[in-house]
Amino acid sequence: MAIKPESKLWHQLRDNTKSTGVVWTRLESWATPGVPDLHGIKDGCGFWLELKVHRLKTLKSINLSPHQVAWQIQYSKQMGNVWNLVSLPSSSSIHIFHGQRAMDLIRKRTKDDPLTPDWSTSAPYDWEGLVSHLLSSSP
């Protein structure tokens, strides 16, 4: 059986952030719709991360379910740290977007109104920079 793209992204993230000291917990959230895929914590700073793999060449929107949008907005309103990690294999890049932007992330964009990430990296990916951004940025 083929590995799902999000599972590949998870393995890549896990394997390349071992040296950062983040403790990851991967959740199967089918029982609680909207809960992100991963919880990470380092030095008492916790955050949630939703994994997405985007198959198009440009990023015009992120495919979040209504449950995911609602969860991210509610969590962000409580000053919670929740992010969306989006891989674009076609451009060998990864991007992160804060969950407080969830409503904006699902809106279809035009080339004149691009979706701007909070942080990005291209291959070879800056995994330490990604973790640093997740830990240092608050809503």
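Guide: Strand 2 and strand 3 form a hairpin with two residues between them. In the turn, Asp-43 has a positive phi of about 50 degrees. The model is predicted, so local features need a pLDDT of at least 70 and side-chain atom pairs count only at pLDDT 80 or more, while totals for chains, interfaces and linings use all residues. Residues are numbered from 1 along each chain as its sequence is written, and side-chain values use heavy atoms, with hydrogens and water left out.

Helices (H or I, at least four residues) and strands (E, at least two) are DSSP runs, numbered from the N terminus. Two strands pair if DSSP finds at least two bridges between them. Strand 2 and strand 3 (residues 45-53) run antiparallel and are joined by five bridges. Lys-42 stands opposite Cys-45 in strand 3, and Ile-41 has Gly-46 as its bridge partner in that strand.

Strand 2 (residues 38-42) also pairs with strand 1 (residues 23-26), in the antiparallel sense and over four bridges. Here Gly-40 of strand 2 has Trp-24 opposite.

These strands belong to an open sheet of six strands, in the order 1-2-3-4-5-6, with mixed pairing. Strand 1 and strand 6 (119-122) stand at the edges with a single partner strand each, so one side of each has no neighbour in the sheet. On average, neighbouring strands of this sheet are turned by 25 degrees against each other, direction ignored. For such angles, axes are lines fitted to C-alpha atoms (for helices over the stretch in contact), and angles run from 0 to 180 degrees between N-to-C directions.

Helix 1 packs on the sheet and touches strand 1, strand 2, strand 3 and strand 4 (82-88), where contact means heavy atoms within 4.5 Å. The direction of helix 1 makes about 140 degrees with that of strand 3.

Next come the rings. Rings of Phe, Tyr and Trp (its six-membered ring) pair if their centres lie within 6.5 Å; planes under 30 degrees apart count as stacked, over 60 as edge-to-face and the rest as tilted. The structure holds five aromatic pairs. One of them is Trp-10 with Trp-24, edge-to-face, at 6.4 Å centre to centre and 80 degrees between the planes. Trp-10 lies in helix 1 (residues 5-16) and Trp-24 in strand 1, so the pair ties together parts that are 14 residues apart in sequence. Both Trp-10 and Trp-24 are buried, buried being under 20% relative accessible area, exposed over 50% and partly exposed in between (1.4 Å probe, protein chains only). Ring pairs link Trp-10, Trp-24 and Phe-47 into a cluster.
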